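Hi,

Here is the structure I promised to pass on.

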Amino acid sequence: MSYDFLETILFALLTIGIVGGAVGVVFLNRITGAALLMAFTFLCNAGMFVLLGAETIAAFQVLIYVGAITVLILYGVMFTPQQHRPYALFFQKQTPWAALFVAPIAIFVALFAFSFRDSAHPTPRGGDLVPLATSVFKDFAFPFEVASVLLLAAMIGAIVLVKRDEDE
Amino acid sequence: MTIPVGAFIAVSSILFFLGVTGVLVRRNAVVILMCVELMLNAANLALVAFSRRAGSVDERGSVFVVFVFVIAAAEVAVGLAIVLAAYRNRPTVDVDEVHAMKG
């Protein structure tokens, strides 16, 4: 007996999770709820990576996005005042123009996306960690080092931006 | 594997445009940062899906996803620092009310 239908069911559930979570992030008035729904969307995205056979990326996704970035965003929510407001004050002034601008491009890109019909094939066995690590440390060794320098620069920049002066 | 690559790309594009909508529509700067993260996630999904197309054998898509993780971490750290610094200057996180550089 084949279990192929399970894949389709999982894909449908994850799609519902991703789209529902993202809609919640965009339209929810309560900002803490939006942040938690963002974490849920990231988690469903990790499920998509597993479905595609990229387990290492899924683990990174859970560690970095669901763990670190969500906590960072929640700290940002904590340090800034959040008041509930009516929907008229909730959206920016250019909302109708933005909708007009986004809709045609969205339709075009969606049509383009459905033109890829060949089926995905996950890596057959042994996971993707070994080829990923080989690629990072062989072909992409220099960008890897540059990325670490970028992280250092971002860390110093964030500290300098948020630091208070002594005499304040 | 029965699911076509196009289905993953479709989910990725829907997620990306929800992110674009959030960035263009919401006022709260923290929510705008969240929507940028959604867009980066959509790009990651597209990269992994394309690297799994029939016929491709290497892991380059996943390598780019790792670099996107690094950029996203740096971006959200600096972005939140800027939001907090702007909030200290004038107590609002509404992007409409921060117009010191408006021409």
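**Where the two chains meet**

Let's start with one helix from each chain: H4(A) and H1(B) pack at about 170°, and their axes are 10 Å apart. That angle makes H4(A) roughly antiparallel to H1(B), since anything over 145 degrees gets that label. Keep in mind as you read that this is a predicted model.

Which residues do the touching here? On the H4(A) side they are Thr95(A), Ala98(A), Val102(A), Ala106(A), Val109(A), Ala110(A) and Ala113(A). Across from them, H1(B) brings Gly6(B), Ile9(B), Ala10(B), Ser13(B), Phe17(B), Val20(B), Thr21(B), Leu24(B) and Val25(B). Sorted by class, the residues of this contact are 12 nonpolar, four polar and no charged.

H1(B) also packs against H1(A), at an angle of about 5° with the axes 9 Å apart. H1(A) and H1(B) are therefore roughly parallel to each other, as angles under 35 degrees count that way. From H1(A), the residues involved include Phe11(A), Thr15(A) and Ile18(A), while those from H1(B) include Ala7(B), Val11(B) and Ile14(B). The count for the contact of H1(A) with H1(B) is 13 nonpolar, three polar and no charged.

Now zoom out to both chains. In total, 71 residues of chain A are in contact with 64 residues of chain B. Which helices of chain A supply at least two residues each to the side that touches chain B? They are H1 (4-27), H2 (31-51), H3 (55-79), H4 (95-113), H5 (129-138) and H6 (141-162). That side of chain A has 51 nonpolar, 14 polar and six charged residues.

**A walk through chain A**

Of its 168 residues, 21% are buried. If you take the contacts in chain A with a separation of 6 or more, 56% of them join residues 24 or more positions apart.

Back to H4(A) for a moment: is it buried or in the open? Of its 19 residues, the number buried is one, so H4(A) lies largely in the open. At 1.5 Å a residue H4(A) should span 27 Å, and its end C-alpha atoms are 26 Å apart, which agrees.

Just after H2(A) sits Gly53(A), which takes a positive phi of about 85°.

Gln82(A) has 15 other C-beta atoms within 10 Å, so it is partly exposed. Leaving out residues up to four places away in sequence, Gln82(A) touches Ile31(A) and Val77(A). Then pick Arg164(A), 82 residues from Gln82(A) along the chain: their C-alpha atoms are separated by 23 Å.

**A helix pair inside chain B**

In chain B, look at H2(B) and H3(B). They pack at an angle of about 175°, with their axes 9 Å apart, and are therefore roughly antiparallel to each other. Among the residues making the contact are Leu33(B), Glu37(B) and Leu40(B) of H2(B), along with Arg60(B), Phe64(B) and Val68(B) of H3(B). By class, the contact of H2(B) with H3(B) has 15 nonpolar, five polar and two charged residues.

For the complex, the predictor gives an ipTM of 0.89 and a pTM of 0.87. Chain A has a mean pLDDT of 84, and 88% of its residues reach 70 or more. For chain B the mean pLDDT is 85, with 93% of residues reaching 70 or more.

Which element of chain A has the lowest mean pLDDT? That is H4(A), at 80, while H2(A) has the highest, at 93. Among the elements of chain B, H1(B) has the lowest mean pLDDT (88) and H2(B) the highest (91).

Cheers

Technical notes. Residues numbered from 1 in each chain as written. Chains lettered and ligands numbered in written order. Predicted model: local features only at pLDDT ≥ 70, side-chain atom pairs only at ≥ 80, totals over all residues. Contact = placed C-beta atoms within 7 Å. Helix = DSSP H or I, 4+ residues; strand = E, 2+ residues; numbered from the N terminus. Nonpolar A, V, L, I, M, F, W, Y, C, P; charged D, E, K, R; others polar. Expected span 1.5 Å × (residues − 1). Buried ≥ 20, exposed ≤ 12 C-beta atoms within 10 Å, placed from the backbone. Axes fitted to C-alpha atoms, helices over the stretch in contact; angles between N-to-C directions. Parallel < 35°, antiparallel > 145°, perpendicular 65-115°, else oblique. pLDDT = per-residue confidence, 0-100.
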